[in-house]
Amino acid sequence: MSSSSSPVHADVDTKRLVLRHWTRSEATAVLDGTRSPYWAYDFPAEGDGVVAGLFEQYPDWLGAYGHRLVIERDSGLVVGSIGLFWPPTEGVLEIGYGIVASRRGRGYAPEATQALADFALAAPEVHTVSADVELSNPASVRVLEKAGFRRWTTGENVAKFRISNPNRGLR
């Protein structure tokens with residue numbers, strides 16, 4: 001993963017993807033149902049609409065460590081979204097992700113998740129990135145495992161995963 005030196009407007013780049021911040025106009029377009037020629041035909045998914053609808057309530061999600069669009073390098077199309085639920089709580093930050101159906105099975109979700117988790121773990125306020133996954137969603141469990149997250153607890157319906165900065169202890 002690489003990113004520019006300033007996280008304020010930095011994209012997070014991977015070999016096949018660019019993770020770029022949402023703009024307010026993109027969120028409005030998602031909410032209004034306005035199509036962009038830069039979106040995969042099946043973007044936005046339901047979860048993208050939910051996230052776009054929460055930006056007013058959670059303006060930090062549009063900040064340096066917030067939510068991003070997942071852009072496929074080869075096509076230049078938005079194929080999903082991924083986000084950090086800023087601010088962290090006691091050094092722990094939650095991550096969420098989604099890739100549209102037409103691009104699933106290509107390894108984009110673990111690639112994006114690993115890159116954004118690495119980016120988050122470089123923030124001084126963050127020592128752990130976590131994710132909760134419903135056990136009825138084994139594909140999402142595999143995404144987190146491939147991205148280097150470890151299961152640390154399992155409840156009746158949910159598994160909790162996390163990845164930590166090895167240079168900082170869990171608090």
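A polar contact is a pair of N or O atoms within 3.5 Å; within protein, one atom must be able to donate a hydrogen and the other to accept it, and residues adjacent in sequence count only if both atoms are side-chain atoms. Keep that in hand for the first stop.

This is a predicted model, where local features need pLDDT of at least 70, side-chain atom pairs count only at pLDDT 80 or more, and totals for chains, interfaces and linings use all residues. Residues are numbered from 1 along each chain as its sequence is written, and side-chain values use heavy atoms, with hydrogens and water left out.

**Stop 1: His127**

Select His127. It sits in the loop between α3 and β7. Helices (H or I, at least four residues) and strands (E, at least two) are DSSP runs, numbered from the N terminus. Now show the side chain of Thr128. The side chains of His127 and Thr128 make a polar contact at 2.7 Å. Is His127 buried or exposed? His127 counts as buried, because its relative accessibility is 1%. Buried means under 20% relative accessible area, exposed over 50%, and partly exposed in between (1.4 Å probe, protein chains only).

**Stop 2: helix α1**

Select residues 24-32, which form helix α1. Colour Glu26, Ala27, Ala29 and Val30: these residues are buried. They cover an arc of only 160 degrees around the axis, so they lie on the same side of α1. The arc is that of the directions from the helix axis to the C-beta atoms. An α-helix has 3.6 residues a turn, so residues three or four places apart point the same way.

Turn to the face away from the buried side. There you find the exposed residues Ser25 and Asp32. What covers the buried residues? The cover of α1 includes β3 (17-21), α2 and β4 (67-72). Step just past the helix to Gly33, which takes a positive phi of about 80 degrees.

**Stop 3: Arg20**

Select Arg20 in strand β3. Arg20 counts as partly exposed, because its relative accessibility is 24%. Its side chain makes a polar contact with the side chain of Glu26, at 2.7 Å. Next, pick Ile71. Arg20 and Ile71 are 51 residues apart in sequence, yet 7.4 Å apart in space, C-alpha to C-alpha.

**Stop 4: strand β4**

Select Leu69, found in strand β4. Leu69 is buried, with a relative accessible area of 0%. Leaving aside neighbours within four places in sequence, Leu69 is in contact (heavy atoms within 4.5 Å) with residues including Trp22, Glu26, Phe43 and Val78.

Glu72 counts as buried, because its relative accessibility is 5%. Which side chain does the side chain of Glu72 make a polar contact with? The partner is the side chain of Arg103, at 3.1 Å. Leaving aside neighbours within four places in sequence, the contacts of Glu72 also include Arg16, Leu77 and Tyr108.

**Stop 5: loops to check**

Select Phe43 and Pro44. The peptide bond from Phe43 to Pro44 is cis, with omega near 5 degrees. Pro44 is in the loop between α1 and α2.

Move to Trp86 and Pro87. A cis peptide bond joins Trp86 and Pro87, with omega about 5 degrees. Pro87 is in the loop between β5 and β6.

Glu90 is also in the loop between β5 and β6. Phi of Glu90 is near 50 degrees, a positive value in a residue other than glycine. Glu90 counts as exposed, because its relative accessibility is 69%.

**Stop 6: helix α4**

Select Ser140, Val141, Val143 and Leu144 in α4; they are buried. They cover an arc of only 155 degrees around the axis, so they lie on the same side of α4. What covers them includes β6, α3, β7, β8 (150-154) and β9 (158-164). Just after α4, Gly148 takes a positive phi of about 95 degrees.

**Stop 7: the largest pocket**

End at the largest pocket, which holds about 920 Å³ of space. Of the 38 residues that line it, the closest to its centre are Tyr97, Gly98, Ile99, Asn137 and Ser140. On a 1 Å grid over the protein atoms alone, a pocket is an open set of points where a 1.4 Å probe fits, with protein on both sides within 12 Å along at least five of seven lines; lining residues have an atom within 4 Å of a point. Grid points are joined across faces, edges and corners, and a volume is the space filled by probe spheres set on the points.
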